[in-house]
Amino acid sequence: MKARNIILFFGFLILLPFVSKAQQKYEREYRIKSEIIPPSANAFIGSIGSDHKIKWYKEISLHDVTIEAKFKHNMKKFSVEFDTLGILQDVEFIIDKREITPVVYKRIKHKLDILYQKWKFQKIQIHYRGNPRDIITSINKNKPCKSIKVYYEIVLKGKSSGSAQLYEITFSEQGEIQGILQIIQDKADHLEY
Amino acid sequence: MFIIFINSKILCAQTQTRAGFIPSINYNHKIDKVWEVNFKFESRHFVFDNTTSQSGDFEYTYSLSDVSALVGRKVGLNSKVVLGILTRIKPDALSYRAIQQFIFQTKIKNFRVAHRIATDQTFSSNESTEIRLRYRLSAEIPLSGLKVDAKEFYFKFNTEALNGIQDNEYDLELRVVPNIGYVINEQHKIELGLDNRFVSFIDNQTRFTSWVTINWFL
C-alpha cells in the first residue's frame, strides 16, 4: 500500500504541469441554416451517408470560429468540425469506455487516478483527424485507418484539493495526455435563487 | 383581448383573487471556488384585490418588501447547500425567516434543470411560527442555440410545492411561474414573468394570487 502511494506521488509530480496549466474552455454555439454552409462541408457530410437530420452550428471558442455539423449515424452521435471556408478539421463521435482498447483504457485510468482524488466520466469521444477520404473509410469500417490521427477526448468530473470541476482531457491513441482544459460552467444564479 | 379581460374579470370576481407586480434585484457574488453569497431585494404591490370588502377591487396597495442574505457552499460539481435569513418588512409589522436549502442541477437534453429542496421558519411578534418544507423545479430552455449565451433570450419555468404548518394547521401552496429572460452580458440578466400562486389548497377556500414579476440578476 505504501509503495502504491509513493508511485502515485511521483506520478502526480510528473503530471503536475498538466494540472497547474489546465487552461479554460469556453464555447458559444449558434444554430445556422444549411444554405450558408460551404459546399465542401456539405459534400463531406453527404459522403458519410447519415439518414438523420443534420444540424449546423457556428461555434465560437476562446481561440477560433468554426462550423460544426451534429447528427446521428449508426446509432452514434457525431460532431464534425470545419473551418469557415469548409475545410475539414476533425470528426468526433461518442463512444462507450468499453470501446477503448483495454491496454489504453488501463493507462488512461491510471493517469486519472494520479491526477484526481475522485473522477467520473461524463462523455468519451473518439476524435479523427487527417485526410477526409481516410476518415470516411474509418467511419464506414468502424475502425481507424493507420493514416489518420486518433485521440480520445474525455469530459470528466474531477475532484482534487477539495472541489469538483469539469475537465476536458485529450489523450493520444496510446493513452498519453495531450492537454487538459477546465470547462467553464455557465452561471445558474437565476435558476438557483 | 377584450374577451380575455372580461373572462378574467368574471373569474376574479368568483374566487378570492389578488393581482399585482413584484420587482426584484438579485445579486450573486462568488467568493472563491466553493463559497458564494446572494442578496435579494423584492417588493410586492397589489393592483387588484377582491379578498377584502373594505375597498374597491382595483386599487393600488403597497404590500411588503423582502430583504434576504444567503451564503452558499458548493458540495458537489452541480450541488450546493445554502443557509440564510430573510427580513420581511410590512407597513405595520416585521418578521424574520431562517432559510436552509439544498440545490442541485441536472441537464435534460439542452435544458438546464435546477432542483431546490428547502425548509424555512418564519418568526414574528404577532403570529405563531410558521414552518415550511418546499420543493422547487426550475428549467431553462434556450431560445437560440444549444445553450443560453449573452444577448440571447431564454424561457424559464418554475414550479414549486410548499407545505406549511402554523398553529398545528397544515396547508399546501402551489406556484407556477413562467418567465421570459434575456442575458444582457456575462453579469446581467433580466426576466419578465407571471408568478401564479394557489394558496390554502387544503381545508380552506383556495386563494389565487398572480403577480407580474420583473427580476434583475446581477
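Arg175(B) has Arg197(B) as its bridge partner in E10(B). That is one detail of a predicted model. The strands involved are E9, residues 169-183 of chain B, and E10, residues 189-199 of chain B. E9(B) and E10(B) pair in the antiparallel sense, over 8 bridges. Strands of a sheet pair through backbone hydrogen bonds, either parallel or antiparallel.

Now step back to the whole of chain B. Its strands form a closed barrel of 11 strands. The order is E1-E2-E3-E4-E5-E6-E7-E8-E9-E10-E11, and the pairing is mixed. From one strand to the next, the twist averages 20°. Chain B has 1 helix and 11 strands. Along the sequence the pattern reads α-β-β-β-β-β-β-β-β-β-β-β. Of the 218 residues in chain B, 14% are buried. Take the contacts in chain B with a separation of 6 or more: residues 24 or more positions apart account for 43% of them.

Chain A is built from 5 helices and 10 strands. It has 193 residues, and buried residues make up 19% of them. Among its contacts with a separation of 6 or more, 50% join residues 24 or more positions apart.

An α-helix has 3.6 residues a turn, so residues three or four places apart point the same way.

Finally, the two chains meet. On one side are 15 residues of chain A, in contact with 26 residues of chain B. Three elements of chain A each supply at least two residues of the side that touches chain B: strand E2 (27-32), strand E9 (163-172) and helix H5 (189-192). By type, the residues on that side of chain A are 6 nonpolar, 2 polar and 7 charged.

Terms used. Residues numbered from 1 in each chain as written. Chains lettered and ligands numbered in written order. Predicted model: local features only at pLDDT ≥ 70, side-chain atom pairs only at ≥ 80, totals over all residues. Contact = placed C-beta atoms within 7 Å. Helix = DSSP H or I, 4+ residues; strand = E, 2+ residues; numbered from the N terminus. Nonpolar A, V, L, I, M, F, W, Y, C, P; charged D, E, K, R; others polar. Buried ≥ 20, exposed ≤ 12 C-beta atoms within 10 Å, placed from the backbone. Pairing = 2+ DSSP bridges. Axes fitted to C-alpha atoms, helices over the stretch in contact; angles between N-to-C directions.
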